[in-house]
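Take a look at the model below and turn it around slowly. We will walk through a few places where its parts meet.

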Amino acid sequence: MTDSKPLDADERAELERLRAATAASTTATAGPRHRVRGALSAVVITLGCVLMPVAVVAVWTSNLISDTDRYVATMAPLASDPAIQNAVANRTTDVVMRQLDIQHLLPQAVAALERRGLPPALGKRLGGLSGPITSGVHDFVRKETGQVVRSDAFANLWVRGNRLAHRQVTAVLSGEGGRALSASGGTVSIDLAPVVATVKQKLVGSGLGAASAIPAVHATIPITDKGALTGAQRGYDLLNKLRWVLPVAAVVLIALGVVIAFRRRRALIGAGLGVAASMLVLGAGITIARGMYLDAIAAHHLDATAATVMFDTLVRFVRTGIRMLFVLGLVVAAGAYLAGPSRAAVTVRGWCANAIGALRRTGEAHGVSTGPVGTWIHANRRVLQVAAVAVAALVFLFWDHPTGKAVLLIAVILLAVLAVIELLGRPPAKRASAAAPSGPATPSGPTGA
């Protein structure tokens, strides 16, 4: 071996000058290219984030608005909701009372009794009881109607009415239902005629014979206005055609933006935050649509509480998707940030590594060691970590209707698995290197005096 001589001051200055020139040349060459890649990445990720809310609405349109069976299954539980039951009972009671017309029926009955010999003074007293009698009949009708809407028979009638109403909705959205709504004042409604007929039979059976004269009445509960549906025809048709293209396009664009970025970790953080922000925008849009729906439906005299329950039920799955994607975006952004070189990320990782290392050393001090298995885990920890992340991704993809809580649960379990891998991994023992003095070997054996 030959000893290398240290550089003198001039040689070191020349070396630093060459290094600076090389770095400047590299930066000048790569800078514009990196800026172009960064700008292109930002544009592609932004497009994906903009498409994400539209994709959520498209999937909801396909799964609920276009599918009668799924719509009916979603609305069926409302038959047992107190707000819906009260709205149906109040509407039916009003219709029955209008048909009975007690205020006109009572004077006719008193006049007939007077013709048969009832004293006029007594007839006058009976006529003065018109208000209390009407109130009593109303309370009786309301009680009997309430029993009907709380029965299993009403649940079946509610399902049947919603099925017919959904066919009206899809007919209007597809442009085929203009004439179907002309008789109902331009609203899509649930027909309560079967409920009125059931109440009529119950009133007659309870002794109110006048109810037998009630004709077939098609009382309704409005769901939405035809004008709102007509305005949504074009959007519905487009979303229904692109219901599977839009989600795939949004995911592909976001992934492509991350891949082409020069700083992929930063791009992944931006993508996660962008998805979360887009879900906030969609949530705000649904809130605005909710207010507009309630204002429009109030014009048709539907109980505000019942209308709120119906709207919230219809958009339940959209809100679940919003919460899921919002939490997923934040989790991805947080994971990418903590994997970076920032001081906070390094501090957090160092704290976790120190805590796991201290726990491992404490276990080994008490005779608890993973032995050769731990050595193998430490040598293959990267492969195991990648496998854990892949399994978590597959669980999320195949989870049936994932929610925000499901995303958090998967993330927490993944962190726990990664911590266990780090804990079980046993680093090889550090070998102390003895510094042996160099020099000629001293022969062994007895020395002469």
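Is the crossing of H15 and H18 left-handed or right-handed? The crossing of H15 and H18 is right-handed; a crossing is called left-handed if the near helix is turned anticlockwise from the far one by less than a right angle, and right-handed if clockwise. Before going on, please note that this is a predicted model, where local features need pLDDT of at least 70, side-chain atom pairs count only at pLDDT 80 or more, and totals for chains, interfaces and linings use all residues. Residues are numbered from 1 along each chain as its sequence is written, and side-chain values use heavy atoms, with hydrogens and water left out.

Let us stay with this helix pair. Helix H15 covers residues 343-365 and helix H18 residues 404-424; helices are DSSP runs (H or I, at least four residues), numbered from the N terminus. Their axes lie 9 Å apart at an angle of about 45 degrees, where axes are lines fitted to C-alpha atoms over the stretch in contact and angles run from 0 to 180 degrees between N-to-C directions. That angle makes H15 oblique to H18 (under 35 degrees is roughly parallel, over 145 roughly antiparallel, 65 to 115 roughly perpendicular, and the rest oblique). Ile356, Leu359 and Arg360 of H15 make the contact with Ala419, Glu422 and Leu423 of H18, contact meaning heavy atoms within 4.5 Å.

Now find another pair of helices. H2 (residues 68-75) packs against H7 (residues 152-173) at about 140 degrees, with axes 9 Å apart. H2 is therefore oblique to H7, and H2 passes H7 in a right-handed crossing. On the H2 side you will find Thr68, Asp69, Tyr71, Val72 and Met75, which meet Trp158, Val159, Asn162, Arg163 and His166 of H7.

Next, look for aromatic rings. A pair of such rings is described by the distance of the centres and the angle of the planes. Searching the whole structure gives two aromatic pairs (ring centres within 6.5 Å, using the six-membered ring of Trp; planes under 30 degrees apart are stacked, over 60 edge-to-face, the rest tilted). Phe154 and Trp158 form a tilted pair, 6.0 Å centre to centre with 40 degrees between the planes. Both residues sit in H7, four residues apart, about one turn of the helix. Phe154 has 1% relative accessibility, so Phe154 counts as buried (buried is under 20% relative accessible area, exposed over 50%, partly exposed in between, with a 1.4 Å probe and protein chains only). Trp158, at 1% as well, also counts as buried.

Tyr293 and Phe311 form a tilted pair too, at 5.3 Å and 35 degrees. This pair links distant parts of the chain, with Tyr293 in H12 and Phe311 in H13, 18 residues apart. Tyr293 and Phe311 are both buried.

Conventions: Helices (H or I, at least four residues) and strands (E, at least two) are DSSP runs, numbered from the N terminus.
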